[in-house]
Amino acid sequence: LISSGTSISQLMDQDKWERHRMVDRFIVEFLTIPQSTVFSRLLKPCTALAAYTACIVALPTVVALAAAKMQIALPFPAFSMAQLVLPASAHSLLGTLCGLVLVFRTNSSYARFVEGRTAWGALIRHCRDVARLSMYIPDKRLRRRLLELVTAYAYVLKARLRSGRTRSDPTDPTAFKDIPDEAVRRCITEPALAEKVLESVSTGNRCLYTLLLISKTLKASLAKGLPSDIHWNIEESVSNIGLSGGICERIIATPIPLSFTRHTARSLVIWLLTLPFVIVPTMGWMSVPCIFTLAYLILGIDEIGIQIEEPFATLPLTPLCAVIERDLGIAIADMETNEDAHAFADANAERVPDVVAR
Amino acid sequence: LISSGTSISQLMDQDKWERHRMVDRFIVEFLTIPQSTVFSRLLKPCTALAAYTACIVALPTVVALAAAKMQIALPFPAFSMAQLVLPASAHSLLGTLCGLVLVFRTNSSYARFVEGRTAWGALIRHCRDVARLSMYIPDKRLRRRLLELVTAYAYVLKARLRSGRTRSDPTDPTAFKDIPDEAVRRCITEPALAEKVLESVSTGNRCLYTLLLISKTLKASLAKGLPSDIHWNIEESVSNIGLSGGICERIIATPIPLSFTRHTARSLVIWLLTLPFVIVPTMGWMSVPCIFTLAYLILGIDEIGIQIEEPFATLPLTPLCAVIERDLGIAIADMETNEDAHAFADANAERVPDVVAR
Amino acid sequence: LISSGTSISQLMDQDKWERHRMVDRFIVEFLTIPQSTVFSRLLKPCTALAAYTACIVALPTVVALAAAKMQIALPFPAFSMAQLVLPASAHSLLGTLCGLVLVFRTNSSYARFVEGRTAWGALIRHCRDVARLSMYIPDKRLRRRLLELVTAYAYVLKARLRSGRTRSDPTDPTAFKDIPDEAVRRCITEPALAEKVLESVSTGNRCLYTLLLISKTLKASLAKGLPSDIHWNIEESVSNIGLSGGICERIIATPIPLSFTRHTARSLVIWLLTLPFVIVPTMGWMSVPCIFTLAYLILGIDEIGIQIEEPFATLPLTPLCAVIERDLGIAIADMETNEDAHAFADANAERVPDVVAR
Amino acid sequence: LISSGTSISQLMDQDKWERHRMVDRFIVEFLTIPQSTVFSRLLKPCTALAAYTACIVALPTVVALAAAKMQIALPFPAFSMAQLVLPASAHSLLGTLCGLVLVFRTNSSYARFVEGRTAWGALIRHCRDVARLSMYIPDKRLRRRLLELVTAYAYVLKARLRSGRTRSDPTDPTAFKDIPDEAVRRCITEPALAEKVLESVSTGNRCLYTLLLISKTLKASLAKGLPSDIHWNIEESVSNIGLSGGICERIIATPIPLSFTRHTARSLVIWLLTLPFVIVPTMGWMSVPCIFTLAYLILGIDEIGIQIEEPFATLPLTPLCAVIERDLGIAIADMETNEDAHAFADANAERVPDVVAR
Amino acid sequence: LISSGTSISQLMDQDKWERHRMVDRFIVEFLTIPQSTVFSRLLKPCTALAAYTACIVALPTVVALAAAKMQIALPFPAFSMAQLVLPASAHSLLGTLCGLVLVFRTNSSYARFVEGRTAWGALIRHCRDVARLSMYIPDKRLRRRLLELVTAYAYVLKARLRSGRTRSDPTDPTAFKDIPDEAVRRCITEPALAEKVLESVSTGNRCLYTLLLISKTLKASLAKGLPSDIHWNIEESVSNIGLSGGICERIIATPIPLSFTRHTARSLVIWLLTLPFVIVPTMGWMSVPCIFTLAYLILGIDEIGIQIEEPFATLPLTPLCAVIERDLGIAIADMETNEDAHAFADANAERVPDVVAR
């Protein structure tokens with residue numbers, strides 16, 4: 001959504017940072033305004049405002065012409081725009097206030113965006129910790145099950161966060177129903193377990209159910225000889241995985257107070273609707289493009305703020321899930337080539353026998 | 001309160017986010033101003049200010065007419081508004097300051113709102129942790145009691161945070177006495193225990209007493225064979241549940257320094273009361289709607305700030321409690337169908353007998 | 001201090017929030033300006049500034065009259081205020097800067113206020129944790145001593161934070177020497193121990209000494225059979241109690257850099273002293289109330305900022321200590337009626353004998 | 001990049017702080033503008049804007065001359081700049097908004113910079129903790145291997161964060177491919193292990209693989225007699241080392257929402273492109289240097305913001321890695337001279353035999 | 001430095017807060033401007049700016065006089081300042097931007113100041129924790145050595161943070177080489193150990209070496225019977241002590257991005273250098289004091305920001321170290337009078353023999 005389909009589904013790398021940083025960006029960004037998603041979304045309200053301004057500019061002339069044509073004496077003959085003019089100073093006070101409120105709103109939206117991204121960063125971190133610590137699970141089967149369930153959790157969480165469906169605009173790339181079935185079946189090699197995870201949607205909280213399954217696997221591992229303190233370390237990582245999910249849910253469930261968002265939109269609309277009365281007298285027909293540009297720039301900030309307020313439509317969740325799948329895959333592959341690990345231990349044993357013997 | 005009865009008692013979902021994000025919001029919000037709660041609450045002061053402005057506009061004419069009628073020579077014949085005019089520059093300085101202070105206040109209120117919501121998010125998380133870890137409690141009865149007490153804690157905390165009663169405005173949806181009796185009796189299946197929780201209100205801190213009961217249940221579980229380290233992990237979650245309650249209490253008990261709130265209100269009122277002297281000379285009767293609109297937009301920010309300063313009237317606490325009840329219900333249901341868990345363990349045992357045997 | 005003696009010594013409850021939120025606050029606050037503490041404290045500097053402005057307004061007339069009376073030709077006959085006038089634009093730049101600096105300062109002061117309050121919130125929380133966990137201490141006497149010492153710690157800390165004495169203004173309610181002797185003797189039922197706590201003021205850090213006594217009690221409890229992991233959990237809570245005290249001490253010991261506070265005060269004074277040269281030429285005698293009002297509103301923000309910079313004079317420490325005493329009292333009372341706890345355990349034992357037997 | 005090649009690769013010390021603080025900096029910085037990297041990068045867009053302004057200034061004269069020469073009557077004879085003039089007030093509103101947005105953006109970039117630096121600070125801290133705690137590993141060989149792998153991790157992480165390659169500008173000091181091979185081979189004295197670390201780049205996550213090797217070393221140490229609780233303390237430090245890496249990856253992978261960056265650049269360009277219509281009428285040819293300076297100062301803030309948005313090109317990662325290598329080298333050296341430590345223990349044993357004997 | 005030699009080396013107490021808060025501060029601070037350090041440091045650049053302004057004011061007259069005297073016709077006879085005048089609006093835009101940037105910079109500097117102070121607060125807290133927990137070390141000698149090494153660490157860290165030397169200004173109280181030798185020798189009663197700490201400066205990281213010595217002491221204590229879990233609690237406190245040191249080092253090593261600081265200084269200088277062209281036409285000779293005052297107020301904020309950017313020159317490190325020495329001294333004294341502790345335990349034993357016997 002944020003500007004083209006591609007930026008949603010990608011993580012930045014050094015090449016993209018370089019393009020991002022190049023000094024030609026000022027010209028490039030200026031020329032690509034017509035392709036920007038924000039611009040296309042705002043085209044309708046901005047055009048409406050421009051048309052409204054044009055009406056206000058034309059009104060006195062039209063009224064005079066009409067009166068002349070119909071030979072009606074206007075009730076207020078000396079009527080002119082000048083009597084409707086607002087003083088710029090009173091209006092600019094409102095403008096400053098709108099600006100401060102807008103920046104505050106953008107700030108709060110951005111904080112939610114960062115919090116959402118950080119929660120996914122923490123999710124990746126704790127998944128990696130589980131991957132690393134799982135090497136102490138003596139039972140290979142349980143270890144694999146644990147890693148698979150953790151991978152599945154990421155996909156299940158993603159599906160929960162993107163449960164929407166577009167009604168009004170089927171081409172909107174941010175709104176689609178995310179179905180985790182394929183991914184869960186790919187990650188979990190035991191079909192019965194995969195079905196159990198998928199069916200648990202009926203209990204109302206598939207994420208929690210997946211975590212319960214993970215804890216059951218850990219309980220079984222404990223019974224199979226996983227050292228007790230390592231067991232609890234993994235449980236703590238699992239608890240933190242649940243925390244990341246909880247943060248995401250909180251962000252989805254609670255927006256910035258709605259009355260605040262509404263008040264901001266209302267202030268902006270009132271400000272823009274009264275602006276022509278300030279600038280038409282001095283600028284005439286030039287007001288029309290001027291208002292269009294101002295409306296684009298100001299409503300654009302509100303639009304971006306509202307897009308990142310719910311960050312999971314914008315964040316590259318699919319690549320992040322792929323990172324988790326890859327990293328847990330490294331741990332599974334490492335487990336499979338456990339011969340190598342044995343060799344590692346053996347090489348070590350050979351080199352330091354005297355220390356051990358001591 | 002925040003804008004209609006419904007938004008208080010609901011969590012956002014993807015459908016609502018879509019409505020929230022649609023670009024028509026600018027028009028919709030503008031047209032629904034008359035239905036907004038903030039508008040209806042501010043109608044009185046805004047109308048008063050408009051009337052006050054009308055008086056100022058009318059005064060010179062009225063005085064002149066009265067003098068003419070009563071044929072009294074005015075002591076200051078050349079009297080006109082122009083002599084009372086404030087220069088816009090001095091006034092706009094005060095306006096900038098008011099704007100900054102207002103934004104600071106809103107910011108601080110919003111931080112309290114976020115902190116309150118985060119505390120409830122943490123409460124949910126730790127309740128889920130208790131639910132997950134309770135599977136290690138060997139005694140089913142104690143496990144059920146623990147989960148029920150934790151569910152009850154959420155309702156008891158909610159009741160504590162919404163203990164108010166409306167005296168002046170019985171229709172105000174944010175102010176009502178929350179009685180947890182029904183919910184506590186529903187959650188706790190042992191009637192004696194439920195009564196004990198409910199009666200403890202006389203000690204002065206029902207929340208703390210509920211936590212003491214939880215700890216006693218844990219102590220009994222420890223005696224019944226709950227592994228010692230798991231016991232402490234649950235105790236830590238319980239301690240964090242208490243922390244969430246403590247944060248909520250702190251938010252309720254300590255507002256933004258009252259002198260600050262008062263100074264802001266005073267600055268705004270003084271600013272609005274002197275504004276007519278700035279704009280009446282140039283705008284005449286147009287000042288009346290102008291002041292009304294400005295007062296609505298500016299006092300509206302203060303009003304929203306003061307509403308979210310005490311966030312528990314605005315936050316959807318009832319649905320959040322329902323989430324806790326549902327999630328702990330999943331754990332209880334899972335416990336009841338423990339046969340399934342046994343099957344899980346058994347299936348596992350069947351599949352990996354050789355590993356165990358090794 | 002912040003606005004009347006009462007608001008210092010009270011915690012907010014739902015009733016007060018309702019009054020706080022009512023929409024009449026704009027009128028009420030405006031009418032109560034003369035009773036506000038901030039106003040009464042600032043009366044002196046504001047009046048001085050108003051007098052100074054009056055002199056500037058009167059000066060040209062006085063000089064002209066005096067010259068006429070004494071028939072002295074003025075060296076600069078065409079002298080008028082106009083030549084001393086500052087352009088509003090240059091001055092308003094300084095005004096914007098002052099505004100930003102003032103808001104920054106208020107923000108930092110408020111952050112200190114919140115930090116101080118949060119530290120006391122954490123103190124309450126950890127005291128409750130100690131209360132809850134102390135149920136594992138088998139020796140009733142040591143348990144009671146522990147809870148009493150923790151209660152005493154709160155009073156000792158309060159005394160440390162409010163060690164001031166008013167020299168210049170004996171009626172100032174925020175400045176008084178807090179003597180903890182009465183409270184400590186009430187909380188600690190062993191007189192020898194209470195004396196020991198009180199005498200330790202001579203070592204230079206009574207708080208640390210109280211914590212050492214708590215740790216000694218815990219060491220003795222450990223020797224009497226307190227399980228080792230629970231012992232350490234309590235030790236951690238005690239460490240966190242010490243942390244809360246440390247945060248408070250840090251806030252007391254280190255203000256916002258003094259040079260910053262001074263620079264802000266200097267900027268404000270210079271801005272206000274030069275303001276008459278900007279507005280007197282256009283406003284004449286109206287400048288006097290105008291400057292008085294502006295000075296009150298602007299210096300008021302600085303005054304509030306400086307009051308909450310050291311938050312322990314403003315925060316309701318006495319009620320917070322009372323909360324701790326009440327909550328630890330609940331735990332002590334619960335211990336005394338341990339029969340009840342035995343009954344609880346017994347009831348449990350009776351109900352689930354078969355499970356235990358299994 | 002930030003201003004010269006040297007400031008990238010250095011840590012500040014007291015001497016540099018003194019130069020940084022000296023009051024002559026105002027003059028020095030002003031005179032060194034032409035050498036600043038920001039200035040040289042912005043020279044192109046600023047010159048373009050100045051040329052554009054010159055065209056606007058010259059246009060009416062040129063058109064008039066051309067018309068006179070070619071003896072063509074202009075279609076709009078009374079044409080003058082005055083008709084294209086924008087009112088300063090409308091434009092300055094946009095300017096305030098741009099300023100707020102710019103400051104918000106810089107703030108967010110700076111927060112990312114601080115977060116990146118703090119992550120490296122935490123990395124250093126946890127490496128030091130591993131160094132300190134490794135003294136409990138009884139096997140010297142494993143201890144050395146652990147410390148070497150941790151040192152290598154820092155270099156591997158650095159290589160991951162600086163994986164870019166400059167395509168457009170080969171002289172740009174911030175963009176180069178960082179090859180860790182030499183450093184890894186220097187740090188790890190077992191060549192087979194070093195190769196294993198280097199080859200693991202093929203798995204897609206060399207950092208994770210290095211952490212897996214560290215955990216394997218710890219598992220082997222556990223088997224060789226490292227006490228279990230110390231083992232877990234080190235594991236936790238290793239987990240935190242992974243966390244630091246994860247934070248850095250997150251910063252690299254997710255920029256400030258691109259639509260926001262683009263909107264800011266577009267606003268600035270539109271503001272600067274319309275500025276000549278505001279100032280040319282009053283300033284004439286003086287507008288050209290004026291616009292050049294304004295563009296440099298305003299675009300400079302955006303440029304700096306975008307440079308520190310990806311902080312790993314700017315932060316002195318090489319010296320920070322050297323600090324880790326030095327500090328872990330101290331621990332290794334201390335281990336080698338373990339005789340000294342034995343002496344330390346012996347001296348102690350000699351001095352306090354009676355206490356021990358008691 | 002921040003305002004006089006005394007405020008560097010002192011902690012605030014209630015008396016100083018009272019002076020800080022008194023309402024006369026506005027007058028006092030205004031009158032003490034000439035004694036302020038910031039003023040004396042800025043005297044040079046402010047005077048230079050005032051002289052520059054005076055030149056601009058005098059220039060037209062001087063040129064005219066010179067031309068008249070030398071009877072040269074000026075090439076541009078109608079030359080006057082008016083043609084060089086900048087419009088106030090364009091300039092004030094730059095002023096707003098400078099203001100925002102300046103406030104952002106001050107904010108960031110202040111955040112560093114608070115972080116540095118908080119790190120020292122945490123250091124004190126963890127030292128106190130070590131003091132409290134050390135009572136579980138059975139060997140008195142090792143306990144004393146531990147406490148002494150921790151005290152020495154504070155002095156060693158202070159010496160590291162204040163390693164500068166003044167080259168340009170020998171009277172500057174903030175810049176001096178801090179030699180910890182005397183303090184370390186006073187704190188550590190075993191001369192050999194003190195020498196070892198002092199000599200370790202050659203390894204490049206004396207702080208880390210001191211921590212290694214502390215860990216060795218703990219290892220020896222573990223061997224002498226310190227319970228294992230208490231041992232690890234102390235190790236964690238030691239790790240946190242190291243963390244505090246690491247935060248301080250990070251603050252020293254990494255300033256706010258230099259390009260940002262430079263850009264701010266450049267913007268301010270350009271703004272002040274062009275200001276005369278805005279105000280000289282209307283204000284004439286009054287511009288000179290006006291520019292001097294503005295320069296003092298604006299550059300003063302930058303100056304304060306740059307002073308607190310490196311907070312360890314400003315923070316009262318010496319009194320903070322003294323606090324640590326005092327608090328650890330209380331623990332040592334308490335250890336020496338262990339008879340008292342025995343009595344404490346005995347009294348307890350006497351009072352509750354029946355409970356023990358049970």
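This is a predicted model: local features need pLDDT of at least 70, side-chain atom pairs count only at pLDDT 80 or more; totals for chains, interfaces and linings use all residues.
A pair of aromatic rings is described by the distance between the centres and the angle between the planes. Over all chains, a search of the whole structure finds 30 aromatic pairs. One of them joins F39(E) and Y296(E): the ring centres are 5.2 Å apart and the planes stand at 85°, so the pair counts as edge-to-face, the cut-off for that class being over 60 degrees. The two residues belong to distant parts of the chain, 257 residues apart. F39(E) is in helix α4 (residues 37–70) of chain E, whereas Y296(E) is in helix α12 (residues 287–309) of chain E. F39(E) has a relative accessible area of 16% and is therefore buried, since buried means under 20%. Y296(E) is buried too, with a relative accessible area of 3%.

A second pair in chain E has another geometry. Y110(E) and F113(E) are stacked, with 6.2 Å from centre to centre and 20° between the planes. Here both partners come from one helix, α5 (residues 88–133) of chain E. Three residues separate Y110(E) from F113(E) along that helix, about one turn. Both Y110(E) and F113(E) are buried.

F104(A) and F260(A) form one aromatic cluster with Y110(B) and F113(B).

The charged end of K219(C) sits over the ring of Y136(E), at 5.8 Å from the ring centre. In the other example, the charged end of K219(D) sits over the ring of Y136(A), and the distance to the ring centre is 5.7 Å.

The remaining part concerns the interface of chain C and chain B. On the chain C side, 73 residues are in contact with 89 residues of chain B. Between them the two chains bury about 7500 Å², and 65% of this area is on carbon and sulfur atoms. Nine salt bridges are found between chain C and chain B. Among them is the one between R21(C) and E310(B), whose closest N and O atoms are 3.4 Å apart. Which helix gives the largest share of the side of chain C that touches chain B? That is helix α5 (residues 88–133) of chain C, from which 20 residues come.

Technical notes:
Residues are numbered from 1 along each chain as its sequence is written. Chains are lettered from A and ligands numbered from 1 in the order in which they are written. Side-chain values use heavy atoms; hydrogens and water are left out. Rings of Phe, Tyr and Trp (its six-membered ring) pair if their centres lie within 6.5 Å; planes under 30 degrees apart count as stacked, over 60 as edge-to-face and the rest as tilted. Helices (H or I, at least four residues) and strands (E, at least two) are DSSP runs, numbered from the N terminus. Buried means under 20% relative accessible area, exposed over 50%, partly exposed in between (1.4 Å probe, protein chains only). A charge sits over a ring if NZ of Lys or CZ of Arg is within 6 Å of the ring centre and within 35 degrees of the ring normal. Contact means heavy atoms within 4.5 Å. Buried area is the accessible area (1.4 Å probe) that two parts lose on being put together, summed over both. A salt bridge is a side-chain nitrogen of Lys or Arg within 4 Å of a carboxyl oxygen of Asp or Glu.
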